[in-house]
Number of protein chains: 2
Amino acid sequence: MTTIATGTRTSDVMNAVRGRIAGRMLGPGDRLPSIRNFAATMGVSPSTVVEAYDRLAAEGLIRAQQGSGFYVSGTALPPLKLADAENPKSRAVDPFWVSRQSLDADDTTLKPGCGWLPADWMPNDALRRAIRSLARSDDALLAYYGSTRGSPALRRLLLGRLAENGIPAGPDNLVLTTTGTQALDLICRFLLRPGDTVLVDDPCYFNFQAMLKAHQVKVVGVARTHNGPDIAAFEAILSAHRPRLYVTNSTIHNPTGSTLSPQVAHRMLNAAAANDTIIVEDDIFADFEPEPSTRLAALDGLERVIRIGSFSKTLSAAVRCGYIAARPDWVEGLIDLQIATNFGGPSPLASEIITHMLAGGGYRKHMEDVRRKLVRVRRETAERLSRLGIEPWLMPRGGIYLWCRLPEGLDSAEVAQTALAQGVVLAPGNVFSVSQSAGNFMRFNVALMLEPRIYTVLADVMKRPVSSASPA
Amino acid sequence: MTTIATGTRTSDVMNAVRGRIAGRMLGPGDRLPSIRNFAATMGVSPSTVVEAYDRLAAEGLIRAQQGSGFYVSGTALPPLKLADAENPKSRAVDPFWVSRQSLDADDTTLKPGCGWLPADWMPNDALRRAIRSLARSDDALLAYYGSTRGSPALRRLLLGRLAENGIPAGPDNLVLTTTGTQALDLICRFLLRPGDTVLVDDPCYFNFQAMLKAHQVKVVGVARTHNGPDIAAFEAILSAHRPRLYVTNSTIHNPTGSTLSPQVAHRMLNAAAANDTIIVEDDIFADFEPEPSTRLAALDGLERVIRIGSFSKTLSAAVRCGYIAARPDWVEGLIDLQIATNFGGPSPLASEIITHMLAGGGYRKHMEDVRRKLVRVRRETAERLSRLGIEPWLMPRGGIYLWCRLPEGLDSAEVAQTALAQGVVLAPGNVFSVSQSAGNFMRFNVALMLEPRIYTVLADVMKRPVSSASPA
């Protein structure tokens, strides 16, 4: 509004001042440049600067002091606000919408929009055995903080698994983290500064966007194809924007289910090297693959690729533990950062439980069962959705998601809000899309699509004309 | 060096450019102001700007482009470095030193510098019962992420405990966090921006400094007296610096063991209100008090005071869980931030274990035992240290620490480094001190001071002349 009313030059000056305050070039109590000097700097007339200062003073950002000029106000910035709405009930369909709705839903709500397997698919008997075994641990394990890198036994198992995937990691390359999400968060804190540019896939896991917003970085998207990012666009964006980081899932990408081809992977690494971009490969769905595909971390040998993962999708989302495999000097810095911000890593109890489950021998069998069941429900879900005119963008080779196009003219955010009123949490396309170009898409968790009521609700909400598609 | 060689005006110009790059007013590839314009802005001659630009180009920060001016180089900033040394073995005695040495020490190392009770003081039987009970939980608890605020049962128990302490909190005031440390970290991320000023006690818990460094804020210290911060200094600092946050322990302060008096608390809150400073009250040692003392959160009613805590000191440091009690609108923002950075809060398994232990009835008895034992070992430790000329600054009314002055002329960092070579981890004064004025102090954990070898090593390392007091 101000911009329209006051003309470009005045708002240029206002933005320059706002920028200097936001960038901490000017702090509370600091005197602004004199009218005359700033007019010269900006190449505008002194009266334009007077108008800009007056308007900023009216906004409260600066204040005039009789006879001595303008000063930055002492008022602190408001708290960091990430989401679009304060009240979770009425909140907008932003990247927090699916998280909040699915984490806090009651037992009667159906959640095909969520990102985890149903409890009865999980290895609960093995988990109970691991917990009972934990109760017999010695006092030291039960009483003390863990070591700064985390459980040696679990790290040993992970190094073996990394080696199986062709990733040459030693003890210095690995640190356990509280969660997989926190693994990425630590990396962002370690490598990014406010104002940096970060590249993500478009679409990508919605929480990447929420997290990057918390880091106050500029987020750029690259279109995801069936074989990874659109490689020509990827190369062009890297040379144009030189992003500090690219965050991705190489295999069974969330939400599309697509997997990197070797050719695309090779070109990606060359472009990253040429532009000094670091790649974070979140390999959380790795064990859902029928057979291993190309890993950036394997090709690159953990030079500029950082690999992260967790056990939330395969063992339990309640036992929280993640890991980072990276260059040893970065791992040292990440360990310090995890001490500073969390006084260490995961609960030693959590690491012990996961070690017990991974070492127990039943893990391979469990994942085979999960994969077999997923093949069946993926096919069934695709068929049932197809009858409603909802078509998968790709039939993925593994994983829990189907990324689907809705019938022409439907807005998936409206469909999701209407379905929520009927007790079904969906994951509408644009929460995944930096460019907001996925309004016609929806992500479905095929393991939670067996309930007939979901299809009834979908059919119902898709029939309504758009104008009546808001919740009562 | 550059500064000395080139005179003030050139280095002023260089610093102005560095500041604009650091503050993101100028990004990689951006053109610097023309020589003539910048000379006018800075009030220096064009030749000074030329010299400054040339020197910055030599440093690689900017580059000259033939006939078109100077541009910011594309090189990204180096990763955030928190600690003074990369190699943990040789690292300097900084705020990470005690954490790293005590978390990663082997079983033969004695750790009177650490901040936790020995395992055989902890309620391990109750913990084992809680774990066995956890193994009988239903599948949903064992398989799923928790809700965004954390376990309702644990929050109910915590609200009761807050009410006992006179803190009027409702369900909207509370969120569980992964750890107590992370509780503070979330608050810092929510409320602070790089360059803000934060006030801490001098001395204060060393990890507060490590964390605040990660937030890239300016840290100011206020001297701690026997009754809380030096209140006159506190008032003067608040009006001079208007810090955004003050982070403190009101009761059984770490490392001094001192406790806030009601008069000081009242004046602190008035000064905080007058200067718009928010106070974080880390109440982690609350249950070590013989009887409750003044709580800022109780006086203030959670308006501008945020209370945080955890169970690491009382139940187990291996079961990680913390909490934040604060204004409802801040709690909403903190929940979003915890989703973005950790996809939720503590492990539901951890919350379940803690709920079981707190609700079990044995907790009060356990803490009574701990307090009784601490009275005895505190007195014994003080006597034994006194024979070595080491005197407590204060005999605290509770808690695990004695903050002691070493005999005149001894540097506690050197003493700690020499003791480490003999297998004893100590906590030297300056890791707690923003002003680095506690070089003659040492913090002792009285629960870990029963081992005679500690006194032998102390006597030995204190006898050595300073010149030979570095590790072999």
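**Note on a predicted two-chain model**

1. A:Pro203 sits in the loop that links strand 4 to helix 10 of chain A. Keep in mind that the model is predicted.2. A:Pro255 is placed in the loop between strand 7 and helix 12 (262-275) of chain A. That loop between strand 7 and helix 12 also holds A:Ile252. A:Ile252 is not a glycine, yet its phi is positive, about 45°.

2. Now the sheets of chain A. One is an open sheet of 8 strands with mixed pairing, in the order 3-10-9-8-7-4-5-6. Strand 3 (174-177) and strand 6 (228-229) stand at its edges. Each has a single partner strand, so one side of each lacks a neighbour in the sheet.

3. Look next at one pair of strands in that order. Strand 9 (residues 305-310) and strand 10 (residues 322-325) of chain A pair in the antiparallel sense, over 4 bridges. Within this pair, A:Ile308 faces A:Ile324 of strand 10, the two standing opposite each other.

4. Which helix packs on this sheet, touching strand 4, strand 5, strand 6 and strand 7 of chain A? Helix 11 (residues 231-241) of chain A does. The strands it touches include strand 4 (197-202), strand 5 (218-225) and strand 7 (245-248). The direction of helix 11 makes about 165° with that of strand 5 of chain A.

5. Chain A has another open sheet, made of 4 strands in the order 11-12-14-13, with antiparallel pairing. Its edge strands are strand 11 (391-392) and strand 13 (427-428) of chain A, and each pairs on one side only.

6. Inside this sheet, strand 12 (residues 401-405) and strand 14 (residues 441-445) of chain A are antiparallel partners over 5 bridges. A:Leu402 stands opposite A:Phe444 of strand 14. Helix 17 (residues 412-421) of chain A lies across strand 13 and strand 14. Helix 17 runs at about 45° to strand 14 of chain A.

7. The chains meet over a contact that takes 93 residues from chain A and 93 residues from chain B. The area buried between them is about 7900 Å². Carbon and sulfur atoms give 56% of that area.

8. How many residue pairs are in polar contact between chain A and chain B? The count is 42, both residues being at pLDDT 80 or more. On the side of chain A that touches chain B, eight named helices each give two or more residues, among them helix 2 (8-22), helix 6 (124-134), helix 9 (180-191) and helix 15 (348-359). Helix 14 of chain A provides the largest share of that side, 10 residues. By class, that side has 47 nonpolar, 25 polar and 21 charged residues.

9. Over all chains, the structure holds 42 of them. Between chain A and chain B, the count is 8 salt bridges. In one, the side chains of A:Arg100 and B:Glu332 meet at 3.1 Å, N to O. This pair crosses from helix 5 of chain A to helix 13 (residues 328-342) of chain B. B:Arg100 forms a salt bridge with A:Glu332, with the closest N and O atoms 3.0 Å apart.

Methods
Residues are numbered from 1 along each chain as its sequence is written. Chains are lettered from A and ligands numbered from 1 in the order in which they are written. This is a predicted model: local features need pLDDT of at least 70, side-chain atom pairs count only at pLDDT 80 or more; totals for chains, interfaces and linings use all residues. Side-chain values use heavy atoms; hydrogens and water are left out. Contact means heavy atoms within 4.5 Å. Buried area is the accessible area (1.4 Å probe) that two parts lose on being put together, summed over both. A salt bridge is a side-chain nitrogen of Lys or Arg within 4 Å of a carboxyl oxygen of Asp or Glu. A polar contact is a pair of N or O atoms within 3.5 Å; within protein, one must be able to donate a hydrogen and the other to accept it, and residues adjacent in sequence count only if both atoms are side-chain atoms. Ala, Val, Leu, Ile, Met, Phe, Trp, Tyr, Cys and Pro count as nonpolar, Asp, Glu, Lys and Arg as charged, and the others, Gly among them, as polar. Two strands pair if DSSP finds at least two bridges between them. Axes are lines fitted to C-alpha atoms, for helices over the stretch in contact, and angles run from 0 to 180 degrees between N-to-C directions.
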